[in-house]
Amino acid sequence: MAKQLIDKAYEIAKKEFGGQQFEFSKLWSKLLTAARIKKNDAEELIGEFYTDLTQDTRFILCNRNKQKWCLSEFNLDKCEKNYIEETLYGLNTDDEEEYLEKDKDLQAEENNQEYDEEFDSNDETSLDNNEFEEEE
């Protein structure tokens, strides 16, 4: 049933909204009417349908803040690259660049600490050797 609903939703979205963004609630309402789904059944189906919608590549959540959806065939190029990356990876490009920069800084800092620790341990060894030589 879920596959049939998502396919029907795609047909509705293509016909009713075309290349325009739409709200989930409007698509769901039109789907309930077109598929003649009763309210009791709708309550049981909405969660599974929403999950299927998020996983179907024909649909894109174009604006998470406003919960606007669109069809990928019309709007993939129009959706902002940062938003798609944020949706797919949990980051937007700016955040990712900032994260990578911080990661580089952290790695450099760790390398410096390792070098300092190595230098300190070498320095202590040479001091111990010098002390040993003086005691003889």
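Tutor: Let's start at Arg36, which sits in the loop between α2 and α3. Keep in mind from the start that this is a predicted model. Arg36 has a relative accessible area of 77%; since exposed means over 50%, Arg36 counts as exposed. Its backbone deserves a look too: Arg36 is not a glycine, yet its phi is positive, at about 55°.

Helix α2 covers residues 24-35, and helix α3 covers residues 39-55. How are the two placed relative to each other? Their axes are 12 Å apart, and the packing angle is about 125°. α2 and α3 are therefore oblique to each other, and the crossing is right-handed.

Which residues do the touching? From α2 come Phe24, Leu27, Trp28, Leu31 and Leu32, and they meet Ala42, Leu45, Ile46, Phe49, Tyr50 and Leu53 in α3. Sorted by class, this contact has 11 nonpolar residues, with no polar and no charged ones.

A further helix joins the picture, namely α1, which spans residues 2-16. α1 packs with α2 at an angle of about 115°, and their axes are 10 Å apart. That makes α1 roughly perpendicular to α2, and this crossing is right-handed. On the α1 side you can find Leu5, Lys8, Ala9, Ile12, Ala13 and Glu16; on the α2 side, Leu27, Lys30, Leu31, Ala34 and Ala35. This contact contains eight nonpolar residues, three charged residues and no polar ones.

α1 also packs with α3: their axes come within 10 Å and cross at roughly 65°, again with a right-handed crossing. Here Ala2, Leu5, Ile6 and Ala9 of α1 meet Leu45, Glu48, Phe49, Asp52 and Leu53 of α3. The classes are seven nonpolar, two charged and no polar.

Leu5 belongs to helix α1. Buried or exposed? The relative accessible area of Leu5 is 5%, and the limit for buried is under 20%, so Leu5 is buried. Setting aside residues up to four places away in sequence, Leu5 touches Leu31, Ala35, Ile37, Leu45 and Phe49. Leu31 and Ala35 are on the α2 side of the α1 and α2 contact, while Leu45 and Phe49 are on the α3 side of the α1 and α3 contact.

Lys30 lies in helix α2, and it counts as partly exposed because its relative accessibility is 32%. Beyond its neighbours within four places in sequence, Lys30 is in contact with Ile12, Glu16 and Phe17. Between Lys30 and Glu16 there are 14 positions along the chain and 9.1 Å from C-alpha to C-alpha.

Leu71 is in strand β3, residues 68-71. With 0% relative accessibility, Leu71 is buried. Its contacts, leaving out residues up to four places away, are Tyr10, Ala13, Lys14, Gly18, Phe22, Arg58 and Phe59. Of these, Ala13 is one of the α1 residues that meet α2. Leu71 and Arg58 are 13 residues apart in sequence, with 5.7 Å between their C-alpha atoms.

Finally, step back to the whole chain. It has six helices and three strands, running α-β-α-α-β-β-α-α-α from the N terminus. Of its 136 residues, 26% are buried, Leu5 and Leu71 among them. The accessible surface comes to about 10,400 Å², and carbon and sulfur atoms account for 45% of that.

Methods: Residues are numbered from 1 along each chain as its sequence is written. This is a predicted model: local features need pLDDT of at least 70, side-chain atom pairs count only at pLDDT 80 or more; totals for chains, interfaces and linings use all residues. Side-chain values use heavy atoms; hydrogens and water are left out. Axes are lines fitted to C-alpha atoms, for helices over the stretch in contact, and angles run from 0 to 180 degrees between N-to-C directions. Helices (H or I, at least four residues) and strands (E, at least two) are DSSP runs, numbered from the N terminus. A crossing is left-handed if the near helix is turned anticlockwise from the far one by less than a right angle, and right-handed if clockwise. Contact means heavy atoms within 4.5 Å. Ala, Val, Leu, Ile, Met, Phe, Trp, Tyr, Cys and Pro count as nonpolar, Asp, Glu, Lys and Arg as charged, and the others, Gly among them, as polar. Buried means under 20% relative accessible area, exposed over 50%, partly exposed in between (1.4 Å probe, protein chains only). Accessible areas come from the Shrake-Rupley method with a 1.4 Å probe; for residues, only the protein chains shown count as cover. Angles under 35 degrees count as roughly parallel, over 145 as roughly antiparallel, 65 to 115 as roughly perpendicular and the rest as oblique.
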